[in-house]
Amino acid sequence: MITAVLRSFPLALYEGVADAPAPRSRAVVRVPRRLGPLPFRTVDLVQAADVLLAVVLFMSTFSRVADGLLRPGAAYLAGLAVALPIVLRDRWPLAAWRVSVALLPAGLWVLFQLGVSYESSPFTPDMVISYLLVAYAVAVRCDRRITGAAWVVSVLAVWIAFPNRVPLGAILVGGVMLFGYNVRLRRSATERLVQEERRSQEAMGAQAVLEERARIARELHDVVAHHMSVIAIQAEAVPLKAAGDPARLAAGLAGIRTLSLEAIAQLRQVLGVLRDEEGRTDTTPQPGLEQVADLVGNARAAGLSVVVKLPESLEGVPPAVGLSAYRIVQESLSNAMRHAPGATVVLDVAVTRRLIREFARMGPRRAPAAHRLSELTERESEVLTLVAQALSNQEIAQKLVLAEQTVKTHVGRVLMKLGLRDRAQAIVYAYETGLVRPGE
């Protein structure tokens, strides 16, 4: 510890370096152009105030010394001892303090030449003001070890020049340095808060980018999977339906072309913002329940039997809900064409609406064996939450950065631990136990 204390004195006297000045955007003003060509275009008000104060102190000290001495060189030396540290303190506070300490003997010698006795106070108000301002700048811009060493040196200087007032000098210089060090701590805390806020904003921006990527990936999956499935099925069915008839063959190929153009248009709509360097967005409205009839027509053209029951009016449906419903119908028809070719598909939006309304009316149900959730690991709980949000294994794997086979394993363990039969029961279980709430 003693070594560390002794090490602080070389730092203060010749080795240490002060911190860079804090940015002062409010204390900088532009020079009006009407003043003509000047070597500078901005003025730092703090530095200007220091220069003005240095001139005032220099003139005050010079006039006091020049009236009592016949040698003008001594007056210039005394004025320089109080003015030069003030000029240097903003850019180089530690150098200003060193200059002040180095010129202190010269200033005291001049005062002794004026007849100031050793027992009385040899320090003039100009010297006190200059030294305290420099001491404050050191405390604000330097490490606490340097500040402490500078205080000790200051007390020793007071003891040498004015031993009868050492406590007063120690308290006065110590109070100024303590105030400056408190300002330094507040500035450091504010800077850390600004950095934390900046990092938080960057993290939120990165999270928003990830969420947007996931949304685009889901949109691409829905668009590509549906249209490619319909196109593939029609490409197989058209030659069979045409049976050598060129007109039927041309009509079938025209339908495939229409589906391809529709898929390309939707892909452009999803990726339009990513391709646009100027940030313009595609103003084409997102598909909704009004476009369900087009999906049904494409499915029927591919040979799927679809029975549709839509409400008479679709007004009042929010765009987000309409888009979600469109994607659900799109995915459902694609799955039916892939896994149940030739089956009859029934689409009844009104029944779905009644089921949702009935489920909401029933309110929260009794949590069936909610204590079983504690048997799940943290990863299995995350998987169950995403399953309840109707995400596929592939989407869960992308979101959790896992292999799809690993997700399947987690889903199987969840079903086994909770005693559930399939994903549908897992979704109901997650909602009934409160693991997932409607709207999340």
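This is a predicted model: local features need pLDDT of at least 70, side-chain atom pairs count only at pLDDT 80 or more; totals for chains, interfaces and linings use all residues.
**Surface patch**

On the surface, V51, V55, M59 and V87 make up a nonpolar patch, and together they have about 340 Å² of accessible area. Helix α2, residues 45–68, supplies the largest share of this patch, with 3 residues. V55 is located in helix α2. Its relative accessibility is 45%, so V55 counts as partly exposed.

**A buried aspartate**

D90 sits in the loop between α3 (72–88) and α4 (93–113). D90 counts as buried because its relative accessibility is 9%, and buried means under 20%. The side chain of D90 makes a polar contact with the side chain of Q47, at 3.0 Å.

**Aromatic pairs**

There are 4 aromatic pairs in the structure. Two of them are set out in the table.

| Pair | Centre to centre | Angle between planes | Type |
|---|---|---|---|
| F62 and Y76 | 4.8 Å | 50 degrees | tilted |
| Y136 and F179 | 5.9 Å | 25 degrees | stacked |

The pair of F62 in helix α2 and Y76 in helix α3 links distant parts of the chain, 14 residues apart. Y76 has 46% relative accessibility and therefore counts as partly exposed. F62 and Y76 also belong, with F58, to one aromatic cluster.

In the other pair, Y136 lies in helix α5 (residues 125–141) and F179 in helix α7 (residues 166–242), so the pair ties together parts that are 43 residues apart in sequence. Y136 is partly exposed because its relative accessible area is 23%.

How values were computed
Residues are numbered from 1 along each chain as its sequence is written. Side-chain values use heavy atoms; hydrogens and water are left out. Patches are made of residues with over 30% relative accessible area and no salt bridge: like charges are joined within 9 Å, nonpolar side chains (Val, Leu, Ile, Met, Phe, Trp, Tyr) within 5 Å. Accessible areas come from the Shrake-Rupley method with a 1.4 Å probe; for residues, only the protein chains shown count as cover. A salt bridge is a side-chain nitrogen of Lys or Arg within 4 Å of a carboxyl oxygen of Asp or Glu. Helices (H or I, at least four residues) and strands (E, at least two) are DSSP runs, numbered from the N terminus. Buried means under 20% relative accessible area, exposed over 50%, partly exposed in between (1.4 Å probe, protein chains only). A polar contact is a pair of N or O atoms within 3.5 Å; within protein, one must be able to donate a hydrogen and the other to accept it, and residues adjacent in sequence count only if both atoms are side-chain atoms. Rings of Phe, Tyr and Trp (its six-membered ring) pair if their centres lie within 6.5 Å; planes under 30 degrees apart count as stacked, over 60 as edge-to-face and the rest as tilted.
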